[in-house]
Amino acid sequence: MNAEEGYVRVPRWVERFCKEGKITPAQRRLLYEVAAETESWSRGWVKLSNSDLAERVGVSERWVRKCRDDLLERNLLQRRQYGQGYVYGLGGPDQPSREEIREIVGEQLGG
């Protein structure tokens, strides 16, 4: 079931970020699809390919990669290696971005 077919448990920040222009409607739909398979089923992670996401969100695989990479960079979406592919889960605005993590690690390492 995709997000347009029923109810989906989604963190409130997703809608707030969309209204504030911090994420695009396509990024919102991508987060909804991940939430539909994780939050709504009380799972932490879901395996979705770029083609699965593109079909569900209604955009090209290229656009999925662009949206996904931006969301990953800002830790609004999380990804883990799983076998030869990846699994995805929701992140959150309260988590540091990858750039912030690099800065923190650099400071702690004296760099």
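**Aromatic, charged and buried residues of the predicted chain**

Trp13 and Phe17 lie 4 residues apart in helix α1 (residues 12–19) and are therefore separated by about one helical turn. Helices here are DSSP runs of H or I with at least four residues, strands are runs of E with at least two, and both are numbered from the N terminus. The structure is a predicted model, in which local features need pLDDT of at least 70 and side-chain atom pairs count only at pLDDT 80 or more, while totals for chains, interfaces and linings use all residues. Residues are numbered from 1 along each chain as its sequence is written, and side-chain values use heavy atoms, with hydrogens and water left out.

The chain contains 5 helices and 2 strands, which follow one another from the N terminus in the order α-α-α-α-β-β-α. Of its 111 residues, 35% are buried (buried, under 20% relative accessible area; exposed, over 50%; partly exposed, in between; 1.4 Å probe, protein chains only). Of the contacts between residues at least 6 apart in sequence, 54% join residues at least 24 apart (contact, heavy atoms within 4.5 Å).

Rings of Phe, Tyr and Trp (its six-membered ring) were taken as a pair if their centres lie within 6.5 Å, with planes under 30 degrees apart counted as stacked, over 60 as edge-to-face and the rest as tilted. This rule gives a count of 1 aromatic pair. The pair is formed by Trp13 and Phe17 and is edge-to-face, at 5.5 Å centre to centre and with 65 degrees between the planes. Trp13 counts as buried because its relative accessibility is 9%; Phe17 is likewise buried, with a relative accessible area of 9%.

The ring of Phe17 also has the charged end of Lys22 over it, 4.9 Å from the ring centre (NZ of Lys or CZ of Arg within 6 Å of the ring centre and within 35 degrees of the ring normal). In a further arrangement of this kind, the charged end of Arg79 sits over the ring of Tyr86, 4.3 Å from its centre.

Across the whole structure, 8 salt bridges were found (a side-chain nitrogen of Lys or Arg within 4 Å of a carboxyl oxygen of Asp or Glu). Lys22 takes part in one of them, with Glu20, at 3.2 Å from N to O. Glu20 also meets Arg16 in a salt bridge, at 3.8 Å from N to O. Arg16 is partly exposed at 41% relative accessible area, Glu20 is partly exposed at 44%, and Lys22 is partly exposed at 43%. Elsewhere, Glu37 and Arg43 form a salt bridge of 3.7 Å, N to O. Glu37 is buried, with a relative accessible area of 12%, whereas Arg43 is partly exposed at 40%. Both residues belong to a network of salt bridges that links Glu33, Glu37, Arg43 and Arg56.

Arg68 is located in helix α4 (residues 61–73). With 7% relative accessibility, Arg68 counts as buried. When residues up to four places away in sequence are not counted, Arg68 touches Leu30, Asn50, Leu77, Arg79 and Tyr88. Among these, Arg79 is the residue whose charged end sits over the ring of Tyr86.
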